[in-house]
Amino acid sequence: MDCAVQVKNVVFSYKNEEGEVTPDKALNGISLDIKAGSYCAVLGPNGSGKSTLAKIIDVLEFPDEGDVAVLGVVPSDEDKCYEIRQNCAYVFQNPDNQIVGTIVEEDVAFGPENLGVPLPELRERVDAALKYTGLYELKDREAATLSGGQKQKLAIAGALAMNPKILILDESTAMLDPVSRDEFLNIVEDLNRDKGITVITITHDMNEAARCEKIFVVENGSVTMEGTPAYIFSHPDAVKKAGLDLPQDIDLIYELAELSDSSVDEEDLYDDSSKVRTAVRLASKAVDMPKQTHYDKREQGRKILQITDLSYSYDSGKHYALEHIDLEVYDGEILAVVGKSGCGKTTLISHLNGIVRPQTGDVTLFREDGTDLSTTRKKDIAAIRSSVGLVFQYPEYQLFEETVEKDIAYGLINMGAAEDNISVRVKEAARIAGLSEDVLGKSPFELSGGQKRRAALAGVLVMKPKVLVLDEPAAGLDPKGRRDMFETIKALRDAGTTIIIVSHNMDEAARFADRIVCLKEGKKVAQGTASELFEDEKKARECGLSMPVLYDFSSKIRNELSKLHPGISLMPPLPFCGDEARSIVRSVLSC
Amino acid sequence: MLSDISLGRYVDTGSVLHRTDPRLKVILYMVYLISVFIVNSPPALLVLFVLTVIQLVTAKVPLDVMWSTLKPVLPLALFIFVINVFTIKQGEVLWSWRFLTVTDVGTTRAILMALRIIFLILCTSVLLTLTTTPLKIADALESLLSPLKVLHVPVHEASMMMSIALRFIPTLIEETEKIMKAQESRGANYDTGSFINRLKGYVAVLIPLFVSSFKRAEDLAVAMDARCYKGGKNRTKLNPLKITKTDVAVFILFLAGAAVLIATEVYFAR
């Protein structure tokens, strides 16, 4: 086997600021071989050592013990290290923190300039990389003005200009919307196919992992499973034990298998068409009529928020970030706001508690006592802010106090809460957000990423908002962190809080939201329940939505089933795999 | 909003000044910087005004950009005006009330001082920041100061640091706005309430901003390592600096302008 990367028994520990070795080993005797020209994914929960592994491969860190060889080169001295780094391009998670050049083409040139590539070859390489990633038209733009998706493409272009043989993606798609993510992955997959570049992608997204040839599962600093996606996902218990998830389509297959008392093996999951075949086979095999899923019809609550004819422009009318938005929010519901990056979602939610005041139109909050508050009235703003809590994307970046307890209490003190009440309310908020009491005395900067997110959430919950607005609350979390976050959100709703959630993840929006509102270029283009919205795929795509993976897969199964059983009557698709499996089996059995 | 401020921002209008060699622009800038401080007489000020307008027109700077560049400086200009108008006691008294006196010399001086600040900002923006990318400014400084390398002055490193600092200004402004909004949602107050309250509001913004800047710095250092950055040695350049005939023409014309300015000043100062 022609090896691109060989890692053998590598042990690595981080050192703290005093230069002491931390007791927990980031990598604990990890070994793996990556075939040249392959496309593989490294999966694992947060803190499992995935990123450390990637840094060891690119010799950005040196192993304490064990051996690494990249394309047969062992990093024994400085020159060898540079040789490896030159062959190994690295794209990081945060698009902003890897752009060195102010202008797009200057940034692309940074790598080859460091290598001393002379003109005119340098110019050729830069132009070719820009064309390949579709950024050539933007070459003279200021890099800071690019969108998140374009910035990540820029990072790829910068990598490509170094003519690498290996491309490492360290959660590079975590901050992108589904459309940008797809474009990004298509570029990566083209590179792998056309130029034979070995791709190593670290990701929390199981659907992304399912596109690879090979998956390595890393837990506690060593590889616990490796194999094709079909092999890995044919071991659902091990996958879940590792803190990972099954892709939605495979999850549906397992639900169908359970209903038909069958098992699923590796070949059944080989590729997309075999997955559909397996699902159809399993659906037709079931004998027992499963119970119909009953959704408790939620009573629509009273109107709690009303947005009327809201328009907003950042550049005095040249371009509208929001245009004539009308929207009602009902007490006790979960409302999802979806749409591409830059469609005005953040501007919209910034209006909800008066952080941004309407230029035209109105945002009104109706209170239980029959009075109402409007963000157009300055005297109402303070009251609105204490009733509408806003949690921005990556809220952990707003922590600043000496202790977590003080940080959570910050909003409460600003709102003028009574002293004796504060500590009780802080503890309660921390509990709801899923923080244990012993972290309250710690500095917020000592916490893990997930805990920081929860501390920031508690800092908003402490004000007991009637309406809680969350911008991508699960962004960047691992599968378990995502699940826990949504459990917390559901619990909050059950306790009576109205939730408005901005999300890129259509599967989650379909599953958790009562209603979905879709924005496109500042306008409201669609609104309804998940089944209404995704019923017509063509229309959904016109709205700029990507289909939930489950709906996409399920519609393929439905097509096959309709061919197989003419006259079958199929219910509209359901957002949970279990429910959907039962619905399909019921339809098959009743015809 | 913070992002409305154009101070230190690059605006591409594709003018001849944008294409001029940055080294020449840096030298021109130095010349004008000194000229602005030499100017003392109203006729010379007029010449300076005309020259500045010519610069603005040559650089094709849109009016709204110009205005947002100037806006943040106006309070400072006003402050300088007020200080000067009330402290200079020479000349004929024009107006007085209790301990405040305004004289004719004081007024002229005050206007002159305030205008100097405005011209200073205008020529800095037009000759440098608005028409030259930070990376080019850094390139120019690196090239102009390269003789100092013999004395082991880390010229390349300094210019790299400067260009990175400039590159991150818009990013950090965006970040500041984000944090301000987030803290405002938690009841932080920046512009009403007591001084202490406002100060507290800003602390809640600055600490997270520092923390994330350090994180960004660390990330960027790793990213630069990954892209094989190893200092200035053997580095090539995508856009090496080259002086063209047009550059020389622009340089001579603007230099002539400065010469006229100084000549006027010397003539009328007598």
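Let's begin with what covers the buried residues of helix α6 in chain B: the cover includes α2 (22-38), α3 (42-59), α4 (63-70), α5 (74-87), β2 (100-103) and α7 of chain B. Keep in mind that this is a predicted model. Which residues of α6(B) are buried? They are G106(B), A110(B), A114(B), L122(B), C123(B), S125(B), V126(B), L127(B), L128(B) and T129(B).

Now look at where the two chains meet. Chain B brings 43 residues to the contact, and chain A brings 52 residues. On the chain B side, α7 (134-145), α8 (155-167), α9 (169-185) and α10 (195-226) each supply at least two residues. Which helix gives the largest share of that side? That's α10(B), with 13 residues. Sorted by class, the side of chain B that touches chain A has 21 nonpolar, nine polar and 13 charged residues.

Next, move over to chain A and find its open sheet of six strands. Reading across, the order is β15-β16-β17-β12-β18-β19, and the pairing is mixed. The edges are β15 (388-391) and β19 (523-528) of chain A, each of which pairs on one side only. Direction ignored, neighbouring strands in this sheet are turned by 15 degrees against each other on average. For instance, L390(A) has V469(A) in β16(A) as its bridge partner. Packed on the sheet is helix α12 of chain A (residues 345-352), which touches β12 (334-338), β15, β16, β17 (498-502) and β18 (515-520) of chain A. The direction of α12(A) makes about 155 degrees with that of β16(A).

Last stop: a single residue, P236(A). You'll find P236(A) in helix α9 of chain A, which covers residues 236-241. Why does P236(A) count as partly exposed? Because P236(A) has 18 C-beta neighbours inside 10 Å, while being buried takes 20 or more. Leaving aside neighbours within four places in sequence, P236(A) is in contact with L246(A) and Y254(A). And how far apart are P236(A) and N414(A)? In sequence they are 178 residues apart, and in space their C-alpha atoms are 48 Å apart.

Note on methods: Residues are numbered from 1 along each chain as its sequence is written. Chains are lettered from A and ligands numbered from 1 in the order in which they are written. This is a predicted model: local features need pLDDT of at least 70, side-chain atom pairs count only at pLDDT 80 or more; totals for chains, interfaces and linings use all residues. Helices (H or I, at least four residues) and strands (E, at least two) are DSSP runs, numbered from the N terminus. A residue is buried if 20 or more other C-beta atoms lie within 10 Å of its own, exposed if 12 or fewer, and partly exposed in between; C-beta atoms are placed from the backbone. Two residues are in contact if their C-beta atoms, placed from the backbone, lie within 7 Å. Ala, Val, Leu, Ile, Met, Phe, Trp, Tyr, Cys and Pro count as nonpolar, Asp, Glu, Lys and Arg as charged, and the others, Gly among them, as polar. Two strands pair if DSSP finds at least two bridges between them. Axes are lines fitted to C-alpha atoms, for helices over the stretch in contact, and angles run from 0 to 180 degrees between N-to-C directions.
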